[in-house]
Amino acid sequence: VRTLTAGAILLIIALVLAAARPAWAVDPALMSDPVLQARYEVLIHELRCVQCENNSLADSDADIAADVRRQIRTMLAAGKTDQQIKGYLVSRYSEFILFRPAFSWRNAWLWALPVMLLLIGIGIAVRVIRQRAALVDNEDGDISQT
Amino acid sequence: VPLGVFLGLVVVLAVGINHSHDVGVLKSPLVGHEIPDWQLPVLTDPTKSLGSRDLKGQWYVLNYWGAWCYSCRVEHPVLLEAQREARVQIIGVDWVADVADENAAALDMLSRLGNPYSKVVTDRDGRTAIDLGIAQAPESLLVNPQGVIVYKEPGVITAEIWRREFLSRLPPQSTTPAAGAGGS
């Protein structure tokens, strides 16, 4: 009887594990070519679902996301480059569809801002440190004079 | 300096709040450009088709909808009223990827609630929707006789939106589509 219950428990655990598919597997479609499949996976993680905008195409089970994924597979199979595919979708849905915005003069400030903030911060830190150092020197001087 | 920082923050936040209503609205890059060529089967007779080339020289509204789409029902009376005004023809695109009897459901909805469309076509695999930058239903494009998309409504058309965004863009004495609305 004991081995039977142990077996039953093991069976239940196995079934639960088997049912727990990875969370990203919204899209069970596979491309025949593993190289294309790899590019496909990267693309659908970099592109936004146009309806549920905080999800990527890979995360979304919306119909439109499935349609766009199918379109991407079709274009990959037709030999389009990643740039062509992204370019096509941007021309239809605007740059908003890219999670990583392309570098352009229009959004250069977006990329430059963190560097600029860091430089400003370093500048302020250097000034404060110099002032404090000068203060300490003066105090030493004052002490030695009296 | 603290005042400067404060004012700077006020400016940044004010701009952010001002633009907050834009968040989540995809500005279609197709507006102002010629509509990508489309051709779709007619709902009542799939052996026939209708496309952008057939509609050259006419104003039309391309309205993506579906019998499954709740917001489309909210929009429906506005479209019926628009059809009665007859300022511009409305082409319906019954859009869905994977509902088995969407054709029947669409026809049923139109016969029960009224048909605001001069023609209804179907986009079953959703390829044309992607090509036209459609993200959800309902969405509508206003296309001029040259085939240029002059406006896109990324959601439900209300009576006010119809007046402000669609009618205002049509030529003043635009007649019924049967008479060949718009210039040549």
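Predicted model: local features only at pLDDT ≥ 70, side-chain atom pairs only at ≥ 80, totals over all residues.
Residues are numbered from 1 along each chain as its sequence is written, chains are lettered from A and ligands numbered from 1 in the order in which they are written, and side-chain values use heavy atoms, with hydrogens and water left out.

**Exercise 1. Get to know chain B: how many helices and strands does it have, and in what pattern along the sequence?**

Step 1. Count the elements: chain B has five helices and seven strands. (Helices, H or I with at least four residues, and strands, E with at least two, are DSSP runs numbered from the N terminus.)

Step 2. Walk along the sequence, and chain B reads α-β-β-β-α-β-α-β-α-β-β-α.

Step 3. Check the burial: of the 184 residues in chain B, 45% are buried. (Buried means under 20% relative accessible area, exposed over 50%, and partly exposed in between, with a 1.4 Å probe and protein chains only.)

Step 4. Look at the contacts in chain B with a separation of 6 or more: 75% of them involve residues 24 or more positions apart. (Contact means heavy atoms within 4.5 Å.)

**Exercise 2. Describe where chain B meets chain A.**

Step 1. Count who takes part: 20 residues come from chain B and 18 residues from chain A.

Step 2. Look for charged pairs across the interface of chain B and chain A, and one salt bridge turns up. (That's a side-chain nitrogen of Lys or Arg within 4 Å of a carboxyl oxygen of Asp or Glu.) A:Arg92 pairs with B:Asp131 in a salt bridge, with the closest N and O atoms 3.0 Å apart.

Step 3. Ask which element of chain B gives the largest share of its side: helix 4 (residues 127–131) does, with four residues.

Step 4. Sort that side of chain B by type: ten nonpolar, five polar and five charged residues. (Ala, Val, Leu, Ile, Met, Phe, Trp, Tyr, Cys and Pro count as nonpolar, Asp, Glu, Lys and Arg as charged, and the others, Gly among them, as polar.)

**Exercise 3. Track down some salt bridges within the chains.**

Step 1. Start with the total, which is 14 salt bridges over all chains.

Step 2. In chain A, find A:Arg39 and A:Asp82, whose closest N and O atoms are 2.8 Å apart. A:Arg39 sits in helix 2 (residues 34–46) and A:Asp82 in helix 4 (residues 82–93) of chain A, so this pair ties together parts 43 residues apart in sequence. A:Arg39 is partly exposed at 26% relative accessibility, and A:Asp82 is partly exposed at 25%.

Step 3. Move to chain B, where B:Arg169 and B:Glu165 meet at 2.8 Å, N to O. B:Arg169 is partly exposed at 34%, whereas B:Glu165 is buried at 16%. Through shared partners, B:Glu160, B:Arg164, B:Glu165 and B:Arg169 form one network of salt bridges.

**Exercise 4. Which residues have the most contacts inside the largest nonpolar core?**

Step 1. Take the core itself: the largest one has 71 residues. (A nonpolar core is a set of buried Ala, Val, Leu, Ile, Met, Phe, Trp, Tyr and Cys residues joined through side-chain atoms within 4.5 Å.)

Step 2. Pick out those with the most contacts: A:Ile72, A:Leu89, B:Ile35, B:Trp38, B:Leu62, B:Tyr64 and B:Trp162.

Step 3. Find the top contributor: helix 3 (residues 63–77) of chain A, with six residues.

**Exercise 5. Is B:Asp94 buried or exposed?**

Step 1. Locate B:Asp94 in strand 4 (residues 89–95) of chain B.

Step 2. Read off the accessibility: at 0%, B:Asp94 counts as buried.

Step 3. List some contacts beyond four places in sequence, including B:Leu43, B:Trp65, B:Glu102 and B:Arg124.
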